[in-house]
Amino acid sequence: MSATIAAGVANVSDVLARLRADREFMRDVCDWQRAPARPARFADFPAALDPRLREALKRRGIEQLYTHQAQAIAATLRGEHVVVVANAAGGKSLCFHAPILNALLRDPNARALCLFPTKALSQDQLSNLSSFVAHLSSSGDGLMKDERSKIIHTYDGDTPQAKRAEIRRDARVIITNADMLHIGILPHHTRWAAFFKHLRYVVIDEMHAYRGIFGSHVANVIRRLKRLCAFYGSNPVFILASATIANPRAHAERLIEAPVTLVDDDGSPHGERNVIIVNPPLTDPQFGLRRSADFVARDIAARFIAEGLQTICFARSRNTAEILLAYLRDMRLGVGSRESACPTSHSPLPIHGYRGGYLPEERRAIEQGLREGSVRGVVATNALELGIDIGALDACVMLGYPGSIASFWQQAGRAGRRRGASVAVMVATPDPLDQYLAAHPQYLFQQSPEHARIAPDNLGVLAAHVACATFELPFARGERFGSVRVDELLDALAEEGDVHASGVGALPLFRGADDSQPATRYTWVGESYPADRVSLRGAGERVSIVDEQGNLIGETERHTAPARVHPGAIYLHQAQTYLVTELDWEMGRAVVRRVDADYYTQASAVSEVMVLREFDRLEPAQSPAGNCAPASGEIEVTTTVGRYRQVQFNTHRTLGWGDVDLPSQKLLTTGYWFAIPEAICKQLEKEGIIGLPNDYGPNWEQQRQAARARDGYRCAICGKPESPHQQHHVHHRRPFRSFGYVRGENDFYLQANDLDNLMTVCPSCHAKIETAEPVNQALSGLCYLLGNLAPLFVMCDPSDIAATFDTASPHTHLPTITLYELVPGGTGLADELMAHHVELMKMAAQRVQECPCEHGCPSCVGPVDPAMETHGRNLKKDVARLIALIR
């Protein structure tokens with residue numbers, strides 16, 4: 001039976017004082033940082049700003065501008081592209097509102113295009129900008145008084161078809177998103193001719209969100225936009241706004257391919273800020289188990305809400321957000337008064353969820369309730385991390401590290417008034433990344449934010465948008481697409497039949513085309529609509545996930561489908577578990593059924609890395625062993641998923657295993673790798689930590705094939721036939737090593753490889769009957785650890801990076817660990833990771849040393865195979881020894 005908690009009204013300072021006096025709470029606090037209040041710094045209105053706009057600003061209570069606002073507006077009015085960086089709630093919106101309205105006041109034909117990453121943010125900006133226009137209209141000069149309802153519009157997937165023609169005709173400011181620009185505006189540019197002809201400003205808000213593969217796509221959408229603007233005779237000024245990242249100017253210039261003025265002199269004020277890092281207490285030190293981070297976050301949020309603090313909770317997934325919301329609602333936090341001697345509980349306080357998938361009207365109502373104060377708590381995904389106006393909240397609770405330092409400060413900044421104190425609490429989950437930060441909280445407070453990386457010239461991404469651009473307007477030979485020559489791509493499209501290449505003997509179609517080349521034009525003649533098949537959030541084909549009634553549940557990339565949605569996998573979606581019953585590889589569709597499962601599945605994949613081209617190599621790390629020389633380059637990864645294990649949610653114990661029979665997947669991407677030197681390998685092999693590949697002798701391949709044929713290509717244990725995608729293994733009944741074969745010294749391989757000593761086994765049975773020590777688990781554990789820690793150095797999701805090892809790499813001929821991007825072609829993350837190799841290895845060593853478990857756990861080196869203990873090995877110690885020798 002859930003308790004009812006009486007809520008009162010208290011200021012943040014009182015709540016913080018009680019927290020500091022609470023011994024149980026302080027026991028779990030890893031760090032508590034306090035930033036004092038900061039006063040505002042002001043500047044005068046730029047002289048070029050229209051007097052009518054200055055008056056409208058004053059009517060809105062803005063007598064002066066913050067320093068960054070004045071600098072950004074002045075630079076924009078001079079015609080410079082600008083990127084402005086300021087804290088959350090720092091008034092960045094005015095940096096583009098003012099120039100846009102200034103242009104509308106002075107030029108009746110001026111147009112502006114505003115891009116926001118979410119529909120919710122678009123609606124929020126529509127409200128703010130419309131309110132600004134209303135103040136202009138009330139000035140008595142008649143400007144836009146009767147037309148203001150037609151001036152500013154959102155144009156996205158929710159816009160009714162019946163209104164779209166009117167919006168295209170009348171709107172002077174279009175608020176949309178990159179997806180709609182890509183698929184709904186640029187391909188239909190002839191309907192927008194007047195808009196593009198008079199386009200003065202393009203706004204790209206929340207610029208830091210455009211990174212990785214999504215940002216690479218958006219950069220190409222901007223290339224297409226600029227190409228159309230040039231065709232219609234306009235040259236708009238770009239205004240970009242961003243949270244704090246390490247490379248705002250470079251990232252902005254990469255996005256729009258033009259010089260950009262950086263404005264980062266943030267003059268906005270803020271009250272006292274308190275940031276607290278909490279690590280749940282250990283419940284089982286032997287296995288490294290801690291109290292559920294969900295419960296700890298719930299209790300802290302419930303306490304804040306009950307104390308009268310308006311609170312936002314951030315969760316990393318829709319699943320977790322819904323679960324945390326259910327926990328909080330179950331506590332029935334009541335309304336009470338601390339002024340009364342006997343607090344009374346009335347109706348439960350309003351606590352809502354907020355994430356993608358909610359209806360637009362639901363989200364708008366929640367946003368309004370937060371601004372007005374009627375909603376006292378909200379549990380959200382990162383959908384509320386961006387700059388939607390939800391008022392000034394008192395407290396923020398983050399369930400887990402949000403994935404980047406930039407996102408951490410964005411979420412923490414959601415709490416905090418311009419006057420008065422605020423508090424943000426991050427509760428660490430069991431993930432290695434969170435546990436590292438709990439042990440080293442100074443990393444969060446002292447490390448600069450990450451670099452945002454994009455790769456607009458990624459071949460797959462570039463080719464897709466060249467096709468889209470050709471559909472929109474013909475290309476002249478020699479014409480650049482942004483900064484890139486694309487003649488070869490156009491020739492390839494022509495060979496495929498989607499583009500017609502013709503000699504026109506005319507002047508170049510565009511300024512900037514090379515008229516010394518043959519006057520050849522490329523025109524789209526394909527029947528398909530290219531933009532319709534290009535997703536801005538992926539590269540390559542995808543697999544749809546549907547329930548048994550055919551309803552779409554989700555999607556995943558084709559190259560990751562064997563590991564994520566193989567038959568028997570548990571697929572998690574919106575706090576529910578689904579069992580994958582079928583994967584139709586040809587149709588690209590996985591079928592799932594809703595089940596109640598207390599476990600998740602973890603695929604066991606074998607990846608083979610082939611280095612195609614080496615880009616760069618670092619000098620060997622400075623250490624007593626002299627060890628590894630990390631390198632980066634273009635690689636082909638062939639991944640075969642052979643088995644999966646069922647892992648219990650709470651205990652992380654392995655409940656069972658299953659087999660996977662799917663074709664291997666090839667991924668062309670970028671990665672960085674490091675090899676373990678031969679001398680260290682011999683030492684590790686001597687200690688039983690790694691096992692180097694056997695040299696099975698010159699007749700091994702012949703004997704292996706003979707054994708499979710003799711056994712009818714079936715497993716000798718379970719009778720399972722070979723798959724067309726994967727050959728069975730051939731196992732030595734008596735271990736090969738025991739024969740003592742040494743190449744060039746004896747021929748003992750003949751006896752070892754005798755057919756009577758060989759048997760054909762499927763991968764699953766091979767793992768069960770293997771009698772040798774479970775070597776190479778240490779390499780696997782280090783891969784797990786490095787893959788989880790790597791996102792500390794790059795702005796990406798953990799699912800964007802993978803790590804694998806090879807006991808004898810074809811490139812290095814040594815045991816080699818490779819970290820690579822799960823994006824075809826890569827986006828530059830591998831180079832960034834290689835540059836931080838020494839720091840990454842140091843962090844790995846610290847995590848293993850500091851984790852309180854005995855043998856290894858998901859918070860350090862991953863779930864431990866029971867075979868390790870059976871054979872007397874300690875995975876945690878083996879990984880620690882491996883790191884110590886190769887650092």
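Author: One term before we start: buried means under 20% relative accessible area. And keep in mind that this is a predicted model.

Reader: Fine. Take α9, then. Is the helix enclosed or open, and why?

Author: Largely enclosed by the rest of the structure, because six of its eight residues are buried.

Reader: Which residues of α9 are buried?

Author: A178, M180, L181, H182, G184 and I185.

Reader: Switching to cores. Which residues touch the most other members in the largest nonpolar core?

Author: L384 and L782, in a core of 117 residues. Helix α5 (residues 93-106) supplies the largest share of this core, nine residues.

Reader: What does L782 touch, skipping residues up to four places away in sequence?

Author: I817, M841, A844, V879, L882, I883 and I886.

Reader: What about a second core?

Author: There is a separate one of 43 residues. Its members include A178, W192, A219 and A406. A178 is also one of the buried residues of α9.

Reader: Now H566. Where is it, and is it buried or exposed?

Author: H566 sits in the loop between α21 (561-564) and β28 (570-573). Its relative accessibility is 0%, so H566 counts as buried.

Reader: Which residues is H566 in contact with, leaving aside neighbours within four places?

Author: A561, V580, L583, A603, Y644, V660 and L662.

Reader: Zoom out. How many helices and strands are in the chain?

Author: 30 helices and 38 strands. The chain has 887 residues, and 54% of them count as buried.

Reader: And the accessible surface?

Author: About 37,400 Å² for the chain. Carbon and sulfur atoms hold 48% of that.

Reader: Last one. What share of contacts is between residues 24 or more positions apart?

Author: 73%, among the contacts in the chain with a separation of 6 or more.

Conventions:
Residues are numbered from 1 along each chain as its sequence is written. This is a predicted model: local features need pLDDT of at least 70, side-chain atom pairs count only at pLDDT 80 or more; totals for chains, interfaces and linings use all residues. Side-chain values use heavy atoms; hydrogens and water are left out. A nonpolar core is a set of buried Ala, Val, Leu, Ile, Met, Phe, Trp, Tyr and Cys residues joined through side-chain atoms within 4.5 Å. Buried means under 20% relative accessible area, exposed over 50%, partly exposed in between (1.4 Å probe, protein chains only). Helices (H or I, at least four residues) and strands (E, at least two) are DSSP runs, numbered from the N terminus. Contact means heavy atoms within 4.5 Å. Accessible areas come from the Shrake-Rupley method with a 1.4 Å probe; for residues, only the protein chains shown count as cover.
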